[in-house]
Amino acid sequence: MKSPCVSELADGQMVASLFLVREKEIRISARSGKSWLELSLGDRTGAIPAKMWDNFEAIASTFERDDVVRVRGRVKLYNGSKELTLEQIIPAAAHEYELGDFLPHTKCDVEQLYAALRAAVAGVANPWLQKLLAGVVEDPDLVPRLKRAPAAMTMHHAYIGGLLEHVVSLIGLARDVSRHYPELDADLLLAGVILHDIGKTDELRYTRAIDYSDAGRLLGHITLGVGMVRDKIKAIPGFPPRLAVLVEHLILSHHGSYEFGSPALPQVPEAVALHFIDDMDSKMAGMRKTLEQASEDVADPWTDRNPSLRRELLRRDMFLAGGAAKSPPEK
């Protein structure tokens with residue numbers, strides 16, 4: 001891992017390091033007319049705003065968004081947040097860096113996650129669903145994307161390997177839910193878990209940065225996923241048409257409501273269960289990220305606003321520690 005990384009930067013620190021350009025814009029002050037170069041620089045640990053105030057015109061034309069650059073500058077606090085004031089920017093050659101340093105990555109072992117996925121597919125009793133799922137998770141063209149794809153742009157599991165981590169987490173939840181509600185078809189629910197976000201392998205780009213592909217912007221992962229699964233089903237002679245409809249329904253309805261982008265509402269028990277465990281896993285992952293990135297201010301137990309929950313979060317341990325000296329009232 002390169003050093004220093006974004007998470008290590010401190011107020012007043014002089015920095016000479018490599019970063020990925022996530023955003024690039026030349027801005028002009030309406031009040032003074034002065035222009036400056038505004039960047040967002042990042043690596044796998046996070047991102048930091050950066051500004052270059054002087055002599056930036058020539059250098060700005062030598063690099064673009066998603067390029068890696070070597071910068072020199074100083075960290076400072078602005079409105080309580082860290083940013084970089086840049087003195088120098090030099091485009092980096094490909095041999096100077098490892099691309100893996102610049103994209104956030106799952107903390108899990110990807111090969112272990114993939115092995116868990118394959119084991120779950122091998123345990124499916126329904127022969128039609130087993131053949132369909134094996135055709136997806138063993139597809140040599142799809143596997144590399146399945147191992148790398150994020151589960152989202154920002155909300156949850158928004159990092160390399162995030163989709164696979166999310167799916168394997170849901171596999172565990174689906175097993176528990178199926179045991180608790182025996183009326184559920186466990187194989188059908190598992191099929192929904194594995195296939196519901198498969199379209200994200202094509203919806204997102206995740207080579208140099210995480211962004212939407214053209215197809216992702218135009219169609220979205222639900223439409224892309226249904227198309228991918230429908231093609232796989234067509235390649236299986238004799239696949240039961242009504243079972244195919246149910247599989248597609250789980251994909252189409254997993255967001256739970258029209259408001260959140262589902263073309264259909266969940267109308268079978270497995271679709272309802274899929275929606276709720278998917279929603280819970282995504283929200284818990286989003287909360288985990290917010291809590292991990294919370295300010296180090298030990299006097300404030302509240303985080304910044306969580307975008308998916310649209311609220312601040314309380315850091316429970318800090319809150320309890322602050323009240324630990326107080327004894328409960330006697331009855």
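Mentor: Let's begin with glutamate 248, which sits in helix 9, residues 241-253. Helices (H or I, at least four residues) and strands (E, at least two) are DSSP runs, numbered from the N terminus. The model is predicted, so local features need pLDDT of at least 70 and side-chain atom pairs count only at pLDDT 80 or more, while totals for chains, interfaces and linings use all residues. Residues are numbered from 1 along each chain as its sequence is written, and side-chain values use heavy atoms, with hydrogens and water left out.

Glutamate 248 counts as buried because its relative accessibility is 13%; buried means under 20% relative accessible area, exposed over 50%, and partly exposed in between (1.4 Å probe, protein chains only). Leaving aside residues up to four places away in sequence, glutamate 248 touches Val226 and Arg230, where contact means heavy atoms within 4.5 Å.

Now for the nonpolar cores, which are sets of buried Ala, Val, Leu, Ile, Met, Phe, Trp, Tyr and Cys residues joined through side-chain atoms within 4.5 Å. The largest has 62 residues, and Leu117, Ile194 and Leu195 touch the most other members. Helix 5 (residues 162-180) gives the most to this core, with eight residues. Apart from it lies another core, of 21 residues, including Leu37 and Val69.

Finally, the strands: two of them pair if DSSP finds at least two bridges between them. Strand 1 (residues 14-28) runs antiparallel to strand 4 (residues 68-78), joined by seven bridges. Strand 1 also pairs with strand 2 (residues 35-43) in the antiparallel sense, over eight bridges.
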